[in-house]
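Me: I'm new to this one and would like to go through it with you. Can we take it step by step?

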Amino acid sequence: MRAKWRIPLLRLLILAIGVGVLEVLCALDIIDRLTMQPPHQIFLDFIHLMASGAINQAILHTLKNVVIACAMALIVGITFASIVHLIPPLREVLDLVFSTWYAVPILAFYPLLIVVFGLGDLPPIVIGFLQGVVAVIVSMLDGLDRVPRVLRKLSRVQKMNRLETALLITLPAAAPWVLTGAKLAIMFSIIGVVASEFLMAREGLGYELSYAYNNFDNARMYPIIVLVIVFSVLVNSLLFRWEAHLLRQRGLRS
Amino acid sequence: MDLGRLKNKQQKETFLAPLVSLRQVKKVFPPVRGGNPVHALGPIDLDLRAGEFFAVVGPSGCGKSTLFELIAGLAPATEGTIAFEGKPIAGNVPDGIGVVFQEDSCLPWRTVRANIELGLRKSRLPAAERDAKVGKVLELMNLTEFASHYPAQLSGGMRQRVCIARTLVMEPRLILLDEPFAALDQQTRLLMGEEVLRLWRAIGATVFLITHALDEAAMLSDRIAVMSARPGHILEIVETGWPRERDSRILEDDRFGPTAAHLWRLLRNETLRAADAR
């Protein structure tokens with residue numbers, strides 16, 4: 001077997017074993033049907049739910065919120081990190097904030113956000129943004145630290161202004177690290193948005209999940225969970241491939 | 001050039017004027033964390049003639065790279081004046097100066113062609129003319145078949161050729177080379193040296209080379225400045241007297257050994273002094 005396929009096949013095998021174990025546990029009634037449907041039933045429910053289009057609106061709604069939260073996290077994170085990188089004392093002050101950010105349960109601020117922004121789309125978007133932005137800032141700072149000094153000198157030799165230096169030198173040089181931040185930002189944004197919708201929203205996949213959970217509607221709840229997992233894994237895989245391509249292009253990975 | 005063909009006194013003076021002149025140039029770095037200021041360089045007086053190949057050798061830490069950065073306009077002098085074509089260099093890289101660094105400064109996310117094109121982004125040339133110019137430099141540097149490669153796909157020597165090509169495409173009148181072959185093995189260094197000599201003859205620019213390697217300086221240069229240990233100043237400027245048409249076979253010349261030996265004689269004590277200071 002070619003080495004290229006060995007790892008993906010191994011991953012599939014582990015997944016298949018996990019699913020198989022669940023299938024057996026459900027068949028033996030060790031896991032009862034009220035707790036969880038057997039995996040094959042979840043798969044059939046998933047196909048049925050997607051074919052019916054019943055949650056299309058919710059998917060679009062959540063996707064829109066995730067995209068907005070993520071875009072904000074990337075734009076604000078990259079810009080803010082670029083400024084902080086230029087002011088070392090500010091960075092020293094903020095380092096503690098960045099390192100402890102994820103120790104704070106941001107979802108706990110959700111009631112406050114509802115008071116400030118109301119029950120619309122803004123609270124989930126803000127939660128998604130707050131979850132993702134620091135990952136982008138920390139990765140971007142790491143990337144900027146790694147831009148070789150000689151490339152900064154090159155920008156002076158090439159008579160680049162600050163904008164040109166950022167666009168032609170520092171941002172592309174930091175790109176692999178920014179991508180690492182982007183991967184985390186997307187994951188955190190999905191978690192933030194779906195969890196916020198789950199708690200109090202009236203639309204979106206999180207709301208659909210909460211509704212199905214409260215009504216013991218396993219035929220709807222598990223397919224939605226599967227959908228969120230599949231979406232997250234797909235997006236993460238695509239970004240991982242892109243990151244690997246960038247690193248290979250730069251001779252940083254074989 | 002026949003000076004008799006220059007019509008008036010002003011033209012003759014312009015031709016004879018040094019391309020770069022340094023007068024009483026000194027560099028002192030300010031104290032760091034309560035330490036003392038570091039007198040790194042100078043005072044230095046030096047003239048570079050148009051079209052010559054000039055090298056600087058000296059012990060580690062003598063201020064060679066500082067001198068390089070001052071002439072490149074990457075750092076300001078603490079005292080004295082530096083002029084390029086009669087105009088003072090004041091901490092900015094002047095037009096007409098091309099710089100090649102010791103470290104690999106290829107942009108790894110751009111192809112060889114795109115790296116070279118970087119130097120032309122402000123030229124406002126029509127696309128066809130720009131392509132032709134890049135094509136010519138690619139050919140000059142024997143990089144044509146690697147135009148669409150990324151730097152990571154090239155050897156260290158070829159990446160350094162890309163950096164030189166990116167400088168050449170800007171048609172500089174002065175090329176500054178800061179130990180550009182330091183990371184290469186000896187054979188590749190000799191061949192790269194030959195290439196630089198070929199380019200120097202082809203484009204007619206002045207070359208200012210910083211190097212640790214005495215044989216490299218002796219092989220490539222018309223004149224070699226030998227620097228003292230820190231604070232670096234010029235001990236002597238050695239004229240090699242080589243013909244313009246030369247390559248690495250100059251190593252076989254009877255005068256090569258004595259030239260390199262003379263450089264070492266000048267440098268030996270300074271190198272010991274620099275080592276003691278460390």
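Me: What distance separates the centres of domain 1 of chain B and domain 2 of chain B?

Reply: Keep in mind that this is a predicted model. The assignment for chain B puts 52-74 + 89-96 + 172-278 in domain 1 and 106-170 in domain 2. Taken over C-alpha atoms, the centres of these two domains of chain B are separated by 25 Å.

Me: Which helix gives the largest share of the side of domain 1 of chain B that touches domain 2 of chain B?

Reply: Domain 1 of chain B brings eleven residues to this contact, and domain 2 of chain B brings seven. By class, the domain 1 side has ten nonpolar, one polar and no charged residues. Five residues of that side, the largest share, come from helix 6 (residues 186-203) of chain B.

Me: Why is one side of strand 2 and of strand 5 of chain B left without a neighbour in the sheet?

Reply: Chain B has an open, antiparallel sheet of four strands in the order 2-1-4-5. Strand 2 (38-48) and strand 5 (87-88) of chain B each have a single partner strand, so the reason is their place at the edges.

Me: And what is the bridge partner of Val20(B) in strand 2 of chain B?

Reply: Strand 1 (residues 20-29) of chain B pairs with strand 2 of chain B over seven bridges, in the antiparallel sense. For Val20(B), the partner in strand 2 is Leu48(B).

Me: Which helix of chain A gives the most to the side that touches chain B?

Reply: Here 13 residues of chain A contact 13 residues of chain B. The chain A side has six nonpolar, three polar and four charged residues. With six residues, the top contributor on that side is helix 7 (residues 149-157) of chain A.

Key. Residues are numbered from 1 along each chain as its sequence is written. Chains are lettered from A and ligands numbered from 1 in the order in which they are written. This is a predicted model: local features need pLDDT of at least 70, side-chain atom pairs count only at pLDDT 80 or more; totals for chains, interfaces and linings use all residues. Two residues are in contact if their C-beta atoms, placed from the backbone, lie within 7 Å. Helices (H or I, at least four residues) and strands (E, at least two) are DSSP runs, numbered from the N terminus. Ala, Val, Leu, Ile, Met, Phe, Trp, Tyr, Cys and Pro count as nonpolar, Asp, Glu, Lys and Arg as charged, and the others, Gly among them, as polar. Two strands pair if DSSP finds at least two bridges between them. Domain bounds come from an automatic or database domain assignment.
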